[in-house]
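User: I am new to this structure. Please show me how to read its features one at a time.

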Amino acid sequence: MANTPYPQSYYAASANAVAPRPVLQGEVETDVCVIGAGYTGLSSALFLLENGFRVTVLEAAKVGFGASGRNGGQIVNSYSRDIDVIERSVGPQQAQLLGQMAFEGGRIIRERVAKYQIQCDLKDGGVFAALNSKHMGHLESQKRLWERYGHTQLELLDERRIREVVACDNYVGGLLDMSGGHIHPLNLALGEAAAVESLGGTIYEQSAAVRIERGANPVVHTAEGRVRAKFIIVAGNAYLGNLVPELAAKSMPCGTQVITTAPLGDDVAKTLLPQDYCVEDCNYLLDYYRLTSDKRLIFGGGVVYGARDPANIEAIIRPKMLKAFPQLKDVKIDYAWTGNFLLTLSRLPQVGRLGDNIYYSQGCSGHGVTYTHLAGKVLAEALRGQAERFDAFAGLPHYPFPGGQMLRTPFAALGAWYYGLRDKFGM
Ligand SMILES: Cc1cc2nc3c(=O)[nH]c(=O)nc-3n(C[C@H](O)[C@H](O)[C@H](O)COP(=O)(O)OP(=O)(O)OC[C@H]3O[C@@H](n4cnc5c(N)ncnc54)[C@H](O)[C@@H]3O)c2cc1C
């Protein structure tokens, strides 16, 4: 029997205690079978249960095993490509609908945390940091764009003001979003899983879906059992493999790496990030960081196309951290890990139906903490027969990566190398 543990990470080491969940054995019947217990699956399950559906969640490893339990913990609004890009690629009505939803995911997280009393160190405030005047110009237009869609908790930071929120000399300014913020991501997932169970949902761990029998009454098979359901939600994201071959051609798993320092102590932590906001810079290959509740610095960055695990994560990420904070040169790194997100060519989520009873949402391409929570709501609406918002996402165009399965990784890496050069020279 499979027994896949969490990868060694700061989050796994500081996770709230939870009993292991059962492996699916034999047959169960339900309204909705959700494949994957990350934020997409758990958010879908919660909204469905709140609306009277019976829900069974199948998780290949453990709740939050994927990106949801390993990410930077940054609550970032909007999508991996912003609403202006969406406005240029779809009609005005669809763009308007997607723009209106761009700030909903963060609200859903806060509602969930409050309603189900989830202990996940939620903090308000996220900063986008500009490394040059081009970035600053971009942030100014981002603020105007977001305000056009009703988002008002934004403040532009000049060179003096950004020094007050982050002790890094590399920035020329930034944008503070008080509806951004940060969380302990694995504890958020664990809290949401407990909420699912409190509403009567069932979660099976170590129970990978290995085959979907499609048709009017679909069945999801695992190694030792099966789930008969009216609907299936596919929420396996970068860890799905080839379970649904139609989805694999238009998305690509990519790795990104995170390190965590030893505890810095209150005084040092306060000098780095006095208001405890999280920060991400504006590069294409961006760095992101924040403090934990026990005053460590979590620092992430770097992308490995095709999701191979790099041999020495600390060697890749520590120099990035020291570029931002040279004062940490003697600080020990206690944890280093990698995790996979799912990239699409447009960097917008890949959403849709297969037949009339299999639904999917995946591929939010880097920024997914807020979108995945929204996705759960939108998927649940669609299953209730209100699909207008779901269809706004499902109508986003997606194209296969150039080079097919064989060459998509080197092509994407080449593209990233080009953008990395542009970042380096501030272009
Ligand atoms: C290192 C890292 C840092 C990141 N930092 C941030 C950040 O700071 N802010 C932000 O907004 N976004 C961030 N992201 C992206 C964000 O974490 C993801 O977009 C989001 O968590 C995806 O959630 P998900 O539920 O769709 O997928 P996942 O969380 O990956 O969950 C998918 C789950 O499905 C399970 N599964 C897969 N196949 C099967 C199967 N056949 N049967 C059963 N179960 C299956 C997997 O085991 C997994 O648990 C980061 C991602 C990574 C990897």
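Analyst: Start with one residue. Asparagine 71 is found in the loop between strand S2 (55-58) and S3. Helices (H or I, at least four residues) and strands (E, at least two) are DSSP runs, numbered from the N terminus. This is a predicted model; local features need pLDDT of at least 70, side-chain atom pairs count only at pLDDT 80 or more, and totals for chains, interfaces and linings use all residues. Residues are numbered from 1 along each chain as its sequence is written.

User: Is asparagine 71 buried or exposed?

Analyst: Count neighbours. A residue is buried if 20 or more other C-beta atoms lie within 10 Å of its own, exposed if 12 or fewer, and partly exposed in between; C-beta atoms are placed from the backbone. Asparagine 71 counts as buried because it has 28 C-beta neighbours inside 10 Å.

User: Which residues is asparagine 71 in contact with, leaving aside its neighbours within four places in sequence?

Analyst: Two residues are in contact if their C-beta atoms, placed from the backbone, lie within 7 Å. For asparagine 71, with those neighbours left aside, the partners are Pro185, Gly339 and Val369. Separation in sequence is another matter. Asparagine 71 and isoleucine 183 are 112 residues apart in sequence, yet 9.8 Å apart in space, C-alpha to C-alpha.

User: Where does the protein chain divide into domains?

Analyst: Domain bounds come from an automatic or database domain assignment. Here they give domain 1 (1-121 + 183-249 + 345-396) and domain 2 (123-181 + 252-343). The C-alpha centres of the two domains lie 25 Å apart. Their contact takes 32 residues from domain 1 and 30 residues from domain 2. On the domain 1 side, helix H1 (10-13), strand S3 (74-75), helix H3 (83-89) and helix H4 (92-101) each supply at least two residues.

User: Which residues come nearest to the ligand?

Analyst: A residue is near a molecule if its C-beta atom, placed from the backbone, lies within 6 Å of it. Of the 44 residues around the ligand, Gly36, Gly38, Gly66, Gly72 and Gly368 come nearest. Both domain 1 and domain 2 give at least three residues to this shell. Now sort by class. Ala, Val, Leu, Ile, Met, Phe, Trp, Tyr, Cys and Pro count as nonpolar, Asp, Glu, Lys and Arg as charged, and the others, Gly among them, as polar. The shell around the ligand has 21 nonpolar, 21 polar and two charged residues.

User: Which residues of H6 are buried?

Analyst: First the general idea. An α-helix has 3.6 residues a turn, so residues three or four places apart point the same way. In H6, His135, Met136, Gln142 and Trp146 are buried. They share one side of H6, because they cover an arc of only 115° around the axis. That arc is taken from the directions from the helix axis to the C-beta atoms. The face turned away carries exposed residues, including Ser133, Ser141 and Arg148. The cover over the buried residues of H6 includes strand S4 (123-130), strand S5 (154-157) and strand S6 (173-182).

User: What is the phi of serine 78?

Analyst: Serine 78 has a positive phi of about 65°, although it is not a glycine. Serine 78 lies in the loop between S3 and H3. With 24 C-beta neighbours inside 10 Å, serine 78 counts as buried. Aspartate 121, also not a glycine, has a positive phi of about 55°. With 18 C-beta neighbours inside 10 Å, aspartate 121 counts as partly exposed.
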